[in-house]
Each structure stands twice: as structure tokens, then as C-alpha cells.
Amino acid sequence: QVQLVESGGGSVQAGGSLRLSCAASGWTYSNNCMGWFRQAPGKEREGVATIDSDFSTSYVDSVKGRFTISKDNAKKTLYLQLNSLKPEDTGMYYCAAASCRRVRAGNPLIKSAYNYWGQGTQVTVSS
């Protein structure tokens, strides 16, 4: 059973930073693709950043240059470094995972590419 547990969310002022973590268990971590998604109240869940098993990454345009996705295969942990935060970055951040075969078949930044999800961690940015 795959389990994903996020941590690291919090409340910060605009311009601040946070580091989110996602601890994974129950599967062969290094051979799979993972991503971070976020959902603001009343909005659809959107892809923020993804990382392939070969460590290649992709980002939604609104976070390029500010957010960095990374992973540590030995620790089975996915990270998202959030810098220069803006109020519009506020939302619940979710960790997602799936086989790379599944993710590579389409757009890695859409939620249907992933079949495993964590419970989320809240990020709130005030102006």
C-alpha cells in the first residue's frame, strides 16, 4: 500500500519561504514519478511541479524561478522549496505519485496522471 505523508506547510508573509516534504512508503520509490499539486478554495487542483525517475523536472509557469522540486531516493522523500511566496500561492499542497509509464503517457502536470495522493499540507501567504 503506497502512503504519502506531507509536512512543512505553514503561514508566512509575502516574500517568505517554506520547504515542503513528502515521505513515501510502500513502493519502489526510485522508479516512479512524483509531483506537487495545490488547490485554493473554490478552485481546481493544479499541478505545480513534477519530477521524473531520471530527475528531470517540469513546473507550471506561475512558479518558475521561485519553486524547486527535488527528491532523495535514499530517504524516499520528495521536497518542494517555495521561495518569494505570493498571496496567490495560498492553498492546500498535495504530494502525488504514479508509475512513470503512466505519467509519461500524458501531461505530467495534470492530476489524472497520478493515482496516489497524500492528505495535503496547508500553505497560507499573507500580504
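R66 is buried, at a relative accessible area of 10%, where buried means under 20%, exposed over 50% and partly exposed in between (1.4 Å probe, protein chains only). The model is predicted: local features need pLDDT of at least 70, side-chain atom pairs count only at pLDDT 80 or more, and totals for chains, interfaces and linings use all residues. Residues are numbered from 1 along each chain as its sequence is written, and side-chain values use heavy atoms, with hydrogens and water left out.

R66 belongs to the loop between β6 (57–59) and β7 (67–72); strands are DSSP runs (E, at least two residues) numbered from the N terminus. A polar atom of the R66 side chain lies 2.9 Å from the backbone oxygen of S62. Leaving aside residues up to four places away in sequence, R66 touches Q81, L82, N83, S84, L85, K86 and D89, contact being defined as heavy atoms within 4.5 Å.

Two further loop residues have positive phi values. F55 is located in the loop between β5 (46–51) and β6, whereas K76 is in the loop between β7 and β8 (77–82). F55 is a residue other than glycine with a positive phi, and K76 likewise is not a glycine, yet its phi is positive. The table lists their values.

| Residue | Phi | Relative accessibility |
|---|---|---|
| F55 | near 75° | 44%, partly exposed |
| K76 | about 50° | 34%, partly exposed |

Methods
Helix = DSSP H or I, 4+ residues; strand = E, 2+ residues; numbered from the N terminus. Polar contact = N/O pair within 3.5 Å; in protein donor to acceptor, adjacent residues only side chain to side chain.
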